[in-house]
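Please keep the sequence and the 3D view side by side as you read.

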Amino acid sequence: DTTRWALQMHVADMLMALEESTEALETYQELLRELSIADQREKELGMQGVLWHNIANIHVEQGEYDLALEEFRRALEMKQKAGGEHNPEVAKTLNSLGALHAGIFDEKLQALDCFQKALLIARIHADGDPQTDPDVLSALQNIATMERELQGER
C-alpha cells in the first residue's frame, strides 16, 4: 500500500506541476480517504499531514482562504504527531500558515509566531553553518518583514 500511495502522491504532484489543480485535488482527497481508513501509524499520519498541506495549497490558489487555514492547521497537527514538534515538515506548514496569516488575514503577530517556530526548526536541521542555511535565512527574512510591518503599525 505504501508504494501505491507514494505513486498516487507523485501523480497528484505532477498534476499540480501541470497546473491541473482540480484533478490534483481529487487525487489528494482520494488518497486522504484511503489513508484515513488505514492504521494510524506514524508514517500514515505523516503522509496525511503532507496531503492536508497540499490540499490547503490548492485552496489558497483557489481563493478559499478560510478552508485553507483549517487544512493547514490539520496538516500541522498530523505532522507534529507523526514526526514531532521539530520535524522539517512541521516547519513547511508553519511557513505556509505564517504566509496566510500575514498576507491574507493581516494577522501579523500570528504570522510572526509561525515564522519564529519555523526558524527554530530550521536551525535544528541546518546543514553546516546556520548563517548560510537557506531555510534559516528564509525564516529570518520572514521574521524581519513581520517585525518591520508591526513597527510600522505603531
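Helix axes here are lines fitted to C-alpha atoms over the stretch in contact, and the angles between them run from 0 to 180 degrees, taken between N-to-C directions. One thing to keep in mind from the start: this is a predicted model.

**Helices α5 and α6**

- Helix α5 covers residues 88-103 and helix α6 covers residues 108-124; their axes lie 8 Å apart, at an angle of about 160 degrees.
- Angles over 145 degrees count as roughly antiparallel, and α5 is therefore roughly antiparallel to α6.
- The handedness of the α5 and α6 crossing is left-handed.
- On the α5 side, the contact is made by P88, V90, A91, L94, N95, L97, G98, A99, H101 and A102.
- On the α6 side, K108, Q110, A111, C114, F115, K117, A118 and I121 take part.
- Sorted by class, this contact of α5 with α6 holds 12 nonpolar, four polar and two charged residues.

**Helices α1 and α2**

- The α1 and α2 axes cross at roughly 160 degrees and come within 8 Å of each other.
- This pair is therefore roughly antiparallel, α1 to α2.
- The crossing of α1 and α2 is left-handed.
- From α1, the residues R4, W5, Q8, M9, A12, D13, L15 and M16 meet S21, E23, A24, T27, Y28, L31, E34 and L35 of α2.
- Nine nonpolar, three polar and four charged residues make up the contact of α1 with α2.

**The nonpolar cores**

- In soluble globular proteins, nonpolar side chains tend to be buried together.
- Which members of the largest nonpolar core touch the most other members? Of its 19 residues, they are M9, Y28, M47 and L51.
- At least two residues of this core come from each of α1 (2-17), α2 (21-37), α3 (42-61) and α4 (65-83).
- Setting aside neighbours within four places in sequence, M47 is in contact with W5, A6, M9 and L35.
- Another core, of 13 residues, lies apart from the largest one, and its members include V90, L94, L100 and A118.

**Residues to look up in the viewer**

- W52 lies in helix α3, and its relative accessible area is 14%, so W52 is buried.
- Not counting residues up to four places away in sequence, W52 touches L32, E71, R74, A75 and M78.
- S96 is found in helix α5, and at 17% relative accessibility S96 counts as buried.
- Beyond its neighbours within four places in sequence, S96 is in contact with H53, N57 and F72.
- A82 sits in helix α4 and counts as buried because its relative accessibility is 8%, with buried meaning under 20%.
- A82 and K108 are 26 residues apart in sequence, and their C-alpha atoms are 28 Å apart in space.

Definitions and conventions. Residues are numbered from 1 along each chain as its sequence is written. This is a predicted model: local features need pLDDT of at least 70, side-chain atom pairs count only at pLDDT 80 or more; totals for chains, interfaces and linings use all residues. Side-chain values use heavy atoms; hydrogens and water are left out. Helices (H or I, at least four residues) and strands (E, at least two) are DSSP runs, numbered from the N terminus. Angles under 35 degrees count as roughly parallel, over 145 as roughly antiparallel, 65 to 115 as roughly perpendicular and the rest as oblique. A crossing is left-handed if the near helix is turned anticlockwise from the far one by less than a right angle, and right-handed if clockwise. Contact means heavy atoms within 4.5 Å. Ala, Val, Leu, Ile, Met, Phe, Trp, Tyr, Cys and Pro count as nonpolar, Asp, Glu, Lys and Arg as charged, and the others, Gly among them, as polar. A nonpolar core is a set of buried Ala, Val, Leu, Ile, Met, Phe, Trp, Tyr and Cys residues joined through side-chain atoms within 4.5 Å. Buried means under 20% relative accessible area, exposed over 50%, partly exposed in between (1.4 Å probe, protein chains only).
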